[in-house]
Amino acid sequence: MTGLWKHPRVRLWGGLAIAAVLLFGAAPALLSDFRLNLLAKFCCLAMVAVGIGLAWGRGGMLVLGQGVFFGLGGYLMAMHLKLSDAGPGGVPDFMLLYGDGTVPGWWEPFRDPVVTIVAILVLPALVATLLGLAVFRRRVRGAYFAILSQALAAAFAILLVGQQKVTGGTNGLNGFRSFFGFTLSDPVNKRMLYFIAAGVLLAMVLVVRLVMSSRYGELLVAVRDQENRVRFLGYDPALVKVVAYAIAACFAAIGGALFTPIVGIISPADVGVVPSIAFLVGVAIGGRATLLGPVLGAIGVSWAETTLSESFPSFWIYFQGALFILVVAFLPNGLATVGSLLRRRRARDPETAPDPAPATLETAGTPS
């Protein structure tokens with residue numbers, strides 16, 4: 001059985017099956033509605049982490065601006081929900097308070113749910129593609145790319161705050177009553193949202209696994225490790241990076257789109273520099289180069305933050321910083337690699353190493 005579990009395909013489907021049992025069976029049975037709603041929120045944050053694991057862990061791109069794409073997906077969904085609550089031809093409540101009582105023309109297409117879903121999937125990926133081509137073509141990478149992406153997140157948050165008439169300003173968009181025709185106040189529909197978030201998260205993990213095991217996944221790792229050599233072989237490293245960056249942006253946007261109805265609000269505080277760094281911290285702690293490390297890190301850090309902040313409101317930030325420092329110092333590949341490190345140490349330990357096979361007539365040498 002142990003030998004069978006070492007097969008990559010068996011581990012993949014076995015791990016997904018275990019995760020499905022935990023998310024769809026154990027969690028709804030053991031957690032209260034409040035805790036289950038929190039887990040749904042954490043699943044949305046883990047979707048961003050899955051994309052970061054692909055772009056950073058496999059592609060070497062230190063993405064510090066994923067809050068931009070998370071916010072794009074969240075605000076696009078929020079626009080549709082506000083227009084849906086206002087009814088056909090209606091005006092969202094915050095526009096009556098802050099604006100002139102008219103809906104901007106570029107808001108109107110988002111009354112259609114199909115247009116909204118397509119925009120959530122396409123617009124962030126398109127923005128990431130254009131940005132990636134502009135940056136990677138000029139061979140900007142490492143810390144310079146991280147600073148640029150972080151500056152983009154800061155600029156996006158400032159833009160949202162300044163456009164109060166159409167974005168709600170610092171208050172953001174909130175007070176949603178329905179989600180594609182389903183009442184959000186109904187506990188049954190809240191559970192439905194949790195199951196949607198859990199299912200989408202598992203699907204993203206599967207997609208990333210297929211990407212990592214494909215020829216493109218091998219090329220992405222090669223670009224990370226030896227970009228110049230890949231360029232000499234005739235490939236364009238910029239295009240390779242752009243694809244991973246666009247996938248990560250799409251995943252972040254989907255997470256933001258589901259985060260909005262689950263939490264009930266999307267605001268500049270959810271998309272700026274601090275949330276973007278928090279996404280990265282969870283991935284680093286979990287293990288950026290592994291498949292499930294980013295997911296477990298994002299959910300674990302978010303769960304610990306909520307649990308500890310309930311008892312120690314001012315202590316959590318110090319614990320998070322200490323945990324990050326310890327992981328970076330002693331486990332640079334994340335907590336997901338603890339098992340492999342223990343196995344290697346056990347294999348090197350002479351006391352636990354298997355005894356050598358006894359000599360036989362075939363293996364024993366002739367005495368001199």
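Predicted model: local features only at pLDDT ≥ 70, side-chain atom pairs only at ≥ 80, totals over all residues.
E227 has a relative accessible area of 9%, under the 20% cut-off, so E227 is buried. R141 is partly exposed at 42%.

E227 has another partner. K241 forms a salt bridge with E227, and their closest N and O atoms are 3.0 Å apart. K241 belongs to helix α12 (residues 237–263) and E227 to helix α11, so this pair ties together parts 14 residues apart in sequence. K241 and E227 are both buried. Shared partners join R141, E227, R231 and K241 into one salt-bridge network.

## A link from α9 to α3

The model has 8 salt bridges by the rule applied. One of them joins R191 and D33, with the closest N and O atoms 3.5 Å apart. R191 lies in helix α9 (residues 187–212) and D33 in helix α3 (residues 33–58), 158 residues away in the chain. R191 is partly exposed at 27% relative accessibility. D33 is also partly exposed, at 46%.

## Packing of α4 and α7

Helix α4 (residues 66–86) and helix α7 (residues 143–162) have axes that come within 9 Å and cross at roughly 30°. That angle is under 35 degrees, so α4 runs roughly parallel to α7.

On the α4 side, the contact residues are V68, G71, L72 and Y75; on the α7 side, they are L152, A153, F156 and L160. The contact comprises 7 nonpolar residues, 1 polar and no charged.

Conventions: Residues numbered from 1 in each chain as written. Heavy atoms only, no water. Axes fitted to C-alpha atoms, helices over the stretch in contact; angles between N-to-C directions. Helix = DSSP H or I, 4+ residues; strand = E, 2+ residues; numbered from the N terminus. Parallel < 35°, antiparallel > 145°, perpendicular 65-115°, else oblique. Contact = heavy atoms within 4.5 Å. Nonpolar A, V, L, I, M, F, W, Y, C, P; charged D, E, K, R; others polar. Salt bridge = Lys/Arg side-chain N within 4 Å of Asp/Glu carboxyl O. Buried < 20%, exposed > 50% of the residue type's maximum accessible area, 1.4 Å probe, protein only.
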